[in-house]
Amino acid sequence: MRESRVFAAERAELAAAREFVAQMGTLAGLDAAAIQHCELAVDEAMSNIIEHGYRSPGSDQSIEITCITSDEGLTIIIIDSGEAFNPLSNPIPNYLTPLAERTEGGWGIHFIRTLMDKVQYARRDGQNQLTMLKHRALH
Amino acid sequence: MIQVEISDRQQLTILEAAGRIDSSNASELGQALSSVIGRGRTHLVLDLAKVDYMSSAGLRELVGALKRLQGNGDLRLAQPSERVLEVMEIAGLDTIFKIFPSIAAAVESY
């Protein structure tokens, strides 16, 4: 099954986007922990787009989320028309840095990379496309 | 929307947060922590029992509050859910914050 939704690039839409992904995760047969991983990954990706990708005012400030269920699990594709940004090029936060010297950023992308089983980025037709896969647990 | 209830117990202040914390509402938690620290309260316990979801935006507020307290008091966490604890571990914050399984244990730790 493949289903797409378009959300306004606003933080108030985060809860609705998480709910959509959770519903599709259930249909894909993911367990509760895996569903929350997907919710967090989508939340962090969307928050980044709102904060960085759509910094300057523009006409099409929307975010399209497509969920595809398969035997493998759930694939989530997030497309935005904001500034080109490859989240996978961000450095991994260093946990040995003392608290006072830490910058409180970069965790969101780190969550995406840690919690999802496969993450790919592409810039196509002036759009950012982030594709993430969460496997269904084997029982 | 999240709710934060604040209660003073002698030298301690307990903040009980409830809701799903993301970048749309994390500043509400940050403001609650700032207001408590701003009136000179430095020994804090944050009860997370009713927070079943927290994104990195919530973690940023916790770290911001802890940084404001450094060397003068502490922000200790009680009863995080399995999911919230997991994000703290992935962010490497489980070694920065003192985390307790109950409010009583967090209170007694001071």
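Two strands count as paired here if DSSP finds at least two bridges between them, and strands (E, at least two residues) and helices (H or I, at least four) are DSSP runs, numbered from the N terminus. On that basis, β2 (residues 62–69) and β3 (residues 73–80) of chain A run antiparallel, with seven bridges joining them. This is a predicted model: local features need pLDDT of at least 70, side-chain atom pairs count only at pLDDT 80 or more, and totals for chains, interfaces and linings use all residues. Residues are numbered from 1 along each chain as its sequence is written, chains are lettered from A and ligands numbered from 1 in the order in which they are written, and side-chain values use heavy atoms, with hydrogens and water left out.

**The sheet of chain A**

- Chain A has an open sheet of five strands in the order β1-β2-β3-β5-β4, and the pairing is antiparallel.
- β1 (2–8) and β4 (118–124) of chain A each have a single partner strand, so one side of each is left without a neighbour in the sheet.
- From one strand to the next, the twist averages 15°; angles run from 0 to 180 degrees between N-to-C directions, and axes are lines fitted to C-alpha atoms, for helices over the stretch in contact.

**Helices of chain A**

- α2(A) lies across β1, β2, β3 and β5 (127–135) of chain A, at about 10° to β3(A); contact means heavy atoms within 4.5 Å.
- α2 (residues 32–53) of chain A also packs with α3 (residues 107–115) of chain A, at an angle of about 145° and with the axes 9 Å apart.
- From α2(A), residues including A:His37, A:Leu40 and A:Glu44 take part in the contact, and the α3(A) side includes A:Ile109, A:Phe111 and A:Leu115.
- By class, that contact has seven nonpolar, three polar and one charged residues; Ala, Val, Leu, Ile, Met, Phe, Trp, Tyr, Cys and Pro count as nonpolar, Asp, Glu, Lys and Arg as charged, and the others, Gly among them, as polar.

**The sheet and helices of chain B**

- Chain B also has an open sheet of five strands, in the order β1-β2-β3-β4-β5, with mixed pairing.
- Its edge strands are β1 (3–9) and β5 (99–100) of chain B, each pairing on one side only.
- Helix α1 (residues 26–38) of chain B packs on this sheet, touching β1, β2, β3 and β4 (74–78), and its direction makes about 175° with that of β2(B).
- β2 (residues 12–21) and β3 (residues 43–54) of chain B run parallel and are joined by nine bridges, with B:Ile21 opposite B:Met54.
- Helix α2 (residues 56–69) of chain B lies across β2, β3 and β4 of chain B, at about 145° to β4(B).

**Where A meets B**

- At the interface, 24 residues of chain A are in contact with 24 residues of chain B.
- The buried area is about 2100 Å², of which carbon and sulfur atoms give 58%; that is the accessible area (1.4 Å probe) that two parts lose on being put together, summed over both.

**Salt bridges**

- Two salt bridges are counted between chain A and chain B.
- A:Arg18 and B:Asp22 meet in a salt bridge at 2.6 Å, N to O, and the pair runs from helix α1 (residues 14–27) of chain A to the loop between β2 and α1 of chain B.
- B:Arg20 forms a salt bridge with A:Glu39, the closest N and O atoms being 2.8 Å apart.

Definitions and conventions. A salt bridge is a side-chain nitrogen of Lys or Arg within 4 Å of a carboxyl oxygen of Asp or Glu.
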